[in-house]
Amino acid sequence: MAKLQRPKLKKVAAPGGRVTRPLGRSKRRATRNPLDLTGCEQFLLLEARLLDEARFDDWLALFTPDAWYWVPSQPDQPDPHETVSLIYDDRRLLETRVRRLANPRMYSQEPRSRTSRMVSNVTIEEAGRAACTVRSKFVLIEFRRDSQRIFGGTAFHCLVQTRGGLRIAWKRVDLVNCDAPMDGITIPF
Amino acid sequence: MFRNTISFANTVNGTGSLVLTDDLEIYNRIGMGLSSEGAEWIEIGRGFDSDVPDAHGGRRGKNSTSEVYIRNTLEAWVGYMTNGHARGVRAAS
């Protein structure tokens, strides 16, 4: 029986015999463009984590003051104004949505949902100097009361670089089942 | 105008809206309550003390949480079924 072999990691010693990366800011990190693929991926993972941990105020803080958040009800829906959407929030509505999620009398979140998100297949679709559009795939599992449901689809984020860090100027979420009948959506995608 | 209608549907009636989601939850809980054998009576008295007469001979709630619409519906139904003869019941004309 062949013994299962672990791949041997090649150790590359840094000057001074260091194997691990030095802690703290390196020059490379300080000069890296936050809008590169890694920066965008890290941002999306942070966003997913904030949502999974129900830190909705922190999630809201990721958006610009004039942001919009859109979940169309039709595949390839060109416009949020000509037909209904599952969600179409400007910043003010998004704030109301988050404030509502903090309210203990929100019956549809009593008990609370537990969610688990996977974000993957991240690509940068359009890139400018201080903004880019990022496309990603996601799977979201939501468990509440006695049932579990799965959402999946494609997310588009327009990320902008601000003095406070990366922010979401707009976000569009295309669910694969966007035109299916479904129970209420309370936790944002 | 059309845009306002779409916007209203999104925020009030839609599946991800700020209103309907709680309504769906409550409808679901009512269904579970009705299917249980724990309670023989359904209480529909909410808002009874604050309902006011309306111009059509019925009553209307002081606010949107009054259950006056259920009482009005039942009253009208009893009126139809008894041709207005049931005691204490307003006939629906």
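**Figure 1. Helix α1 of chain B in close-up.** Of the twelve residues of α1(B), one is buried, so this helix lies largely in the open; a residue counts as buried if 20 or more other C-beta atoms, placed from the backbone, lie within 10 Å of its own, as exposed if 12 or fewer do, and as partly exposed in between. From its first C-alpha to its last, α1(B) reaches 15 Å, close to the 16 Å expected at 1.5 Å a residue, where the expected span is 1.5 Å times one less than the number of residues in the helix. Helices (H or I, at least four residues) and strands (E, at least two) are DSSP runs, numbered from the N terminus. The model is a predicted one, in which local features need pLDDT of at least 70 and side-chain atom pairs count only at pLDDT 80 or more, whereas totals for chains, interfaces and linings use all residues. Residues are numbered from 1 along each chain as its sequence is written, and chains are lettered from A and ligands numbered from 1 in the order in which they are written.

**Figure 2. The contact between chain B and chain A.** Chain B brings 15 residues to this contact and chain A brings 20 residues, two residues being in contact if their C-beta atoms, placed from the backbone, lie within 7 Å. On the side of chain B that touches chain A, α1 (2–13) and α2 (20–35) each supply at least two residues, and α2(B) gives the most, with six residues. That side of chain B has six nonpolar, six polar and three charged residues, with Ala, Val, Leu, Ile, Met, Phe, Trp, Tyr, Cys and Pro counted as nonpolar, Asp, Glu, Lys and Arg as charged, and the others, Gly among them, as polar.

**Figure 3. Strand β1 of chain A and its partners.** Strand β1 (residues 63–72) of chain A pairs with β6(A) in the parallel sense over four bridges, and five bridges join β1(A) to strand β2 (residues 85–90) in an antiparallel run; strands pair if DSSP finds at least two bridges between them. A:P72 stands opposite A:S85 in β2(A), while A:Y69 has A:K171 in β6(A) as its bridge partner.

**Figure 4. The surroundings of A:K171.** A:K171 lies in strand β6 (residues 165–175) of chain A and counts as buried because 23 C-beta neighbours fall inside 10 Å. Leaving aside residues up to four places away in sequence, A:K171 touches A:Y69, A:A155, A:F156 and A:H157.
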